[in-house]
Amino acid sequence: MTTVFDKPKSLTDAVFHYCPGCTHGIVHRLVAETIDELGIEGKTIGIAPVGCSVLAYNYFACDMIEASHGRAPAVATGVKRAMPDNIVFTYQGDGDLASIGLCETVSTAARGENVTVIFINNAIYGMTGGQMAPTSLLGQVTQTSPYGRDPKTQGYPIKICELLATLDAPAYLARVTVNNVKNVRNAKKAIKKAFQNQIEGKGFSLVEVVSSCPTNWGMTPQKALEWIDEKMLPQYPLGVYRDKGEE
């Protein structure tokens, strides 16, 4: 029998710990498929964060390093500078990347470090119980904004792609989502380009994936995917925010 669809070789056989309907698993697969297709598994090093994907080292077959909360870009910088021939990527959530790790993110991008960042934006702190994140939407109810996020007291959401696009150094900044087949395919193209940029030495690349969190949003998996279209994407428009290869 001909195999037409299989698990990427760059994923281990470990069972994902993520909640039902969480889109982390989809993005893990896209990253692993990219590593397989580019033939770089033997020289790839991933940096796992603190957050829902803290156990990413169990799932990717490449070498992995666990970073302190928010410090993945700094760790990636050190690894890449020490071993410039390796492919280095971070895989981070919004609490990790856009809150405690915002300084590391901006500084790494501003220096144009030749690393790849996969950024999961689900607008909430997932692992710690659903607190408001830097990316939580205006009016969004969370454990720490029970009446909805109020810009007068809690500020406005941080838009990472737009923020980093004000810097001169980044090579590639794109926002995608994975809530339907078409969007999954577009996300795969963006992730593969971000890794290819690193192989070609073009510099810092970040792909932001607008994702769902059914558990902490208090929704069914299906409704959470619909909520991405209804609420998330008007706040976080999809698209390429920087592509030096096209300039």
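Me: Leaving aside neighbours within four places in sequence, which residues is aspartate 94 in contact with?

Reply: Glad to start there: the model is predicted, so to speak of a local feature needs pLDDT of at least 70, side-chain atom pairs count only at pLDDT 80 or more, and totals for chains, interfaces and linings use all residues. Numbering runs from 1 along each chain as its sequence is written, and side-chain values use heavy atoms, with hydrogens and water left out. Contact means heavy atoms within 4.5 Å. By that rule, aspartate 94 is in contact with Ser99, Phe119, Ile120, Asn121, Asn122, Ala123, Ile124, Ala133, Pro134 and Thr135.

Me: How far away from aspartate 94 is the nearest side chain of opposite charge?

Reply: Aspartate 94 is found in helix 3 (residues 94-100), where helices (H or I, at least four residues) and strands (E, at least two) are DSSP runs numbered from the N terminus. Buried means under 20% relative accessible area, exposed over 50% and partly exposed in between, with a 1.4 Å probe and protein chains only. A salt bridge needs a side-chain nitrogen of Lys or Arg within 4 Å of a carboxyl oxygen of Asp or Glu, and for charges Lys and Arg count as positive, Asp and Glu as negative, with His and the chain ends not counted. Aspartate 94 is buried yet has no salt bridge, and the nearest side chain of opposite charge, arginine 149, lies at 8.8 Å.

Me: Which residues are linked with Glu33 in a network of salt bridges?

Reply: Let's build it up from its pairs. Glutamate 33 and lysine 188 meet at 3.2 Å, N to O, and this pair links helix 1 to helix 7 across 155 residues. Lysine 192 and glutamate 37 meet at 2.9 Å; lysine 192 lies in helix 7 and glutamate 37 in helix 1, so this pair too ties together parts that are 155 residues apart. The network links Glu33 with Arg29, Glu37, Lys188 and Lys192.

Me: Is glutamate 162 buried or partly exposed?

Reply: Arginine 175 forms a salt bridge with glutamate 162, the closest N and O atoms being 2.6 Å apart. Arginine 175 sits in strand 5 and glutamate 162 in helix 6 (residues 160-164). Arginine 175 has 1% relative accessibility, so it counts as buried. Glutamate 162 has 24%, so it counts as partly exposed.

Me: Which residues of the largest nonpolar core touch the most other members?

Reply: A nonpolar core is a set of buried Ala, Val, Leu, Ile, Met, Phe, Trp, Tyr and Cys residues joined through side-chain atoms within 4.5 Å. The largest one has 28 residues, and the elements that give two or more residues to this core include helix 1 (24-38), strand 3 (87-93) and helix 7 (181-199). The members that touch the most others are Val27, Val31, Phe60, Phe89, Ile118, Phe195 and Val207.

Me: At what angle are the ring planes of phenylalanine 89 and phenylalanine 195?

Reply: The structure holds seven aromatic pairs, where rings of Phe, Tyr and Trp (its six-membered ring) pair if their centres lie within 6.5 Å, with planes under 30 degrees apart stacked, over 60 edge-to-face and the rest tilted. Phenylalanine 89 and phenylalanine 195 have ring centres 5.6 Å apart. Both phenylalanine 89 and phenylalanine 195 are buried. The pair is tilted because the planes are at 55°.

Me: What is the distance between the ring centres of tryptophan 217 and tryptophan 227?

Reply: Tryptophan 217 belongs to helix 8 (residues 214-217) and tryptophan 227 to helix 9 (residues 221-235). Tryptophan 217 and tryptophan 227 are buried. Their planes are at 55°, so the pair is tilted, and the centres are apart by 4.6 Å.
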